[in-house]
Amino acid sequence: MLYTPARISPRAFTLVELLVVIAIIGILVSLTMPAIQSARESGRRASCMNNIRQLQTAMVSHENAQKVYPAGRDGCDGITVDACKGVPDWKRNGISGFVKLLPYMEEATLYKNLDLKNKFWASVSPPSNAAGWYPPNLACIRTQLPLMRCPTDQSERIWNPAGEYANDLQAATGSYAQVAGTNGPPNIDGLANKLKNTGVFNYVYEQRSAKIHDGLSKTAFLGEVFGADTRDSANRWSVAMRHDDTLRSTLNALNTPPGTGITTNLYNYKTNGAFGSSHTGGAVFAFGDTRTVFIEDEVDAKIYRAIATKAGGEEFTYSD
């Protein structure tokens with residue numbers, strides 16, 4: 001008699017066993033996700049540091065070619081004394097130093113098409129809407145420059161706030177600003193905050209590296225900004241204003257939330273002129289020698305303010 005062994009059917013998972021496996025997988029995923037997110041943020045921060053380093057390299061190239069760094073703001077605003085005495089209306093524009101960097105950022109065509117005498121971010125009789133702007137100028141302020149954006153920054157890339165004097169401009173925002181110095185709110189004196197701040201970037205005045213007496217390696221030129229699409233921390237890359245947009249100070253602590261800290265009422269909004277970022281624990285800065293540093297929120301206030309001055313004579317040691 002031929003013996004045939006009994007067929008053993010494969011045993012299926014019970015519902016309890018399946019739930020246990022799913023739970024284990026869930027725990028493993030929850031344990032690995034923070035590490036994955038941390039690695040992604042590390043990559044974004046590295047990309048951010050590379051962006052700001054390239055911007056500072058463009059700044060150095062401008063100084064090499066023109067013998068000066070660009071002014072923080074090209075025009076005078078409404079000031080009628082000092083360097084702004086008797087200047088024509090077209091020199092009262094509001095363009096930021098970043099606009100002057102365009103030829104050194106592989107954006108020469110964008111810059112070549114501009115007409116800086118044609119009310120480009122003008123402060124004297126500005127057009128009430130986009131229809132009154134010179135088309136290439138309007139195209140420039142709407143251009144989203146990848147180099148001006150930190151990958152971690154979640155701000156809207158185009159900002160169109162209600163109530164602006166030209167609220168259909170759809171201006172592109174950015175993640176970086178120029179270091180104007182240590183003067184900030186509540187001091188709103190025109191000269192102290194605009195022409196005579198303590199850092200490299202002021203209205204009108206173009207600085208030479210020889211005038212950076214504290215040394216390029218100890219003087220911050222550029223830093224990060226967050227909340228670029230909010231009224232209290234607007235940061236449209238093509239325009240510069242005291243305490244917001246692309247001119248900032250170190251009066252308030254790093255990462256002071258928009259609208260808080262020491263503020264001033266500027267055109268019916270509260271601005272603090274602070275630097276900050278969407279990174280955890282600090283923000284990226286570029287120094288005059290193109291060195292990039294991640295400065296932590298806990299940085300000593302005296303050191304934080306010292307890096308913003310070009311000729312303060314402060315003695316300090318800071319290493320990233």
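C84 is buried, with a relative accessible area of 0%. In this predicted model, C84 has a partner: the sulfur atoms of C76 and C84 lie 2.2 Å apart and form a disulfide. A disulfide is a covalent bond between the sulfur atoms of two cysteines. C76 is likewise buried, at a relative accessible area of 2%. The angle about the S-S bond is -95 degrees, and the link of C76 and C84 is left-handed.

C48 takes part in no disulfide, although the sulfur of C150, its nearest cysteine sulfur, is 3.3 Å away.

The discussion now turns to aromatic rings. A pair of aromatic rings is described by the distance of the centres and the angle of the planes. The count of aromatic pairs comes to five. For W121 and W133, the ring centres are 5.5 Å apart and the planes stand at 85 degrees, so this pair is edge-to-face. Both W121 and W133 belong to the loop between α3 (108-112) and α4 (135-141), twelve residues apart. W121 is buried, with a relative accessible area of 5%, and W133 is buried at 5% relative accessibility. Elsewhere, Y69, F201 and F221 make up one aromatic cluster.

Rings also meet charged groups. The charged end of R45 sits over the ring of F294, 3.8 Å from its centre. Over the ring of Y269 sits the charged end of R231, 3.8 Å from the ring centre.

Key:
Residues numbered from 1 in each chain as written. Predicted model: local features only at pLDDT ≥ 70, side-chain atom pairs only at ≥ 80, totals over all residues. Heavy atoms only, no water. Phe/Tyr/Trp six-rings, centres within 6.5 Å; stacked < 30°, edge-to-face > 60°. Helix = DSSP H or I, 4+ residues; strand = E, 2+ residues; numbered from the N terminus. Buried < 20%, exposed > 50% of the residue type's maximum accessible area, 1.4 Å probe, protein only. Lys NZ or Arg CZ within 6 Å of the ring centre and 35° of its normal. Disulfide = S-S within 2.5 Å.
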